[in-house]
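This note is meant to be read with the model open beside it. Please follow the numbered points in order and locate each residue as it is named.

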Amino acid sequence: MFFLAFLATQSPHHRLKTALQNTRNPPSNDNTDGAGLRIRPGYSSYNAYIERQLNKTLNHKLRKIWTTRDWDRKVRVFVHFFRSLKQRNLLFNDSKALSIGARVGQEVAAMKLVGVSDSVGIDLVPYPPLVVKGDFHAQPFENQTFDFEFSNVFDHALYPWKFVGEIERTLKTGGFCVLHVALLRRADKYSANDLYSVKPLVELFRESELVEVRKVDGFGLDTEVVFRKKKKNF
């Protein structure tokens, strides 16, 4: 427990605090409306939230499973997803790609297998060379870095508006973001929010247009939502 607490204090909280002070506010009451997006109660502080996430991410048994018997199965599924995205002209071999909340990097390995060589993941705990350390509420990247961003951990965001704000900050104009989310079932005990429809996502992605919504079957997640970052009108 001491080790987890120590790691939590080493997360980029000072950067997150600054980012939250400078970012837009939650878009509307939909972030707590049962018909849209509900933030789960119970976190006394951001450190408490980080510590709970690390309880899963640093679990030795889980990490062993993720890197051994689960590895090939998950990489195969992600390869299928990313090949489909390439066929629909949403992902390209020359895309600079980011996987958000990548754990040990199965999705990054899959992107590289389908030809997207310039790809990397971020997670609270790094897994070199596929995954670097980063908090998705305060991505450690410059503005307009990526052509493509993927995540299947939206439900783990304590501040969904900041999760999305960081995607739109680091995504290039015209770039695509693909989220896999659960609408038909509730996510796991480590989730920080519950999503009930696509509408809150559309409201959160203020600088992007909705491109596509389709059904998927991906590790308990049932819906794929695609956004494209719009050009700003000056």
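1. D194 and R38 form a salt bridge, with their closest N and O atoms 2.7 Å apart. The term salt bridge denotes a side-chain nitrogen of Lys or Arg within 4 Å of a carboxyl oxygen of Asp or Glu. D194 belongs to strand β7 (residues 193-195) and R38 to strand β1 (residues 37-39), so this pair ties together parts that are 156 residues apart in sequence. Strands (E, at least two residues) and helices (H or I, at least four) are DSSP runs numbered from the N terminus.

2. The model is predicted: local features need pLDDT of at least 70 and side-chain atom pairs count only at pLDDT 80 or more, while totals for chains, interfaces and linings use all residues. Residues are numbered from 1 along each chain as its sequence is written, and side-chain values use heavy atoms, with hydrogens and water left out.

3. D70 takes part in a salt bridge with R73, the closest N and O atoms being 3.1 Å apart. D70 also meets K74 in a salt bridge, at 3.8 Å from N to O. D70 is buried, with a relative accessible area of 13%, and K74 is buried at 12%. R73 is partly exposed, at 38%.

4. A further network joins R88, E212, R214 and E224 through salt bridges that share partners. The structure holds twelve salt bridges.

5. The largest pocket contains about 400 Å³ of space. A pocket is an open set of points on a 1 Å grid over the protein atoms alone, where a 1.4 Å probe fits, with protein on both sides within 12 Å along at least five of seven lines; lining residues have an atom within 4 Å of a point. The volume is the space filled by probe spheres set on the points, which are joined across faces, edges and corners.

Technical notes
Buried < 20%, exposed > 50% of the residue type's maximum accessible area, 1.4 Å probe, protein only.
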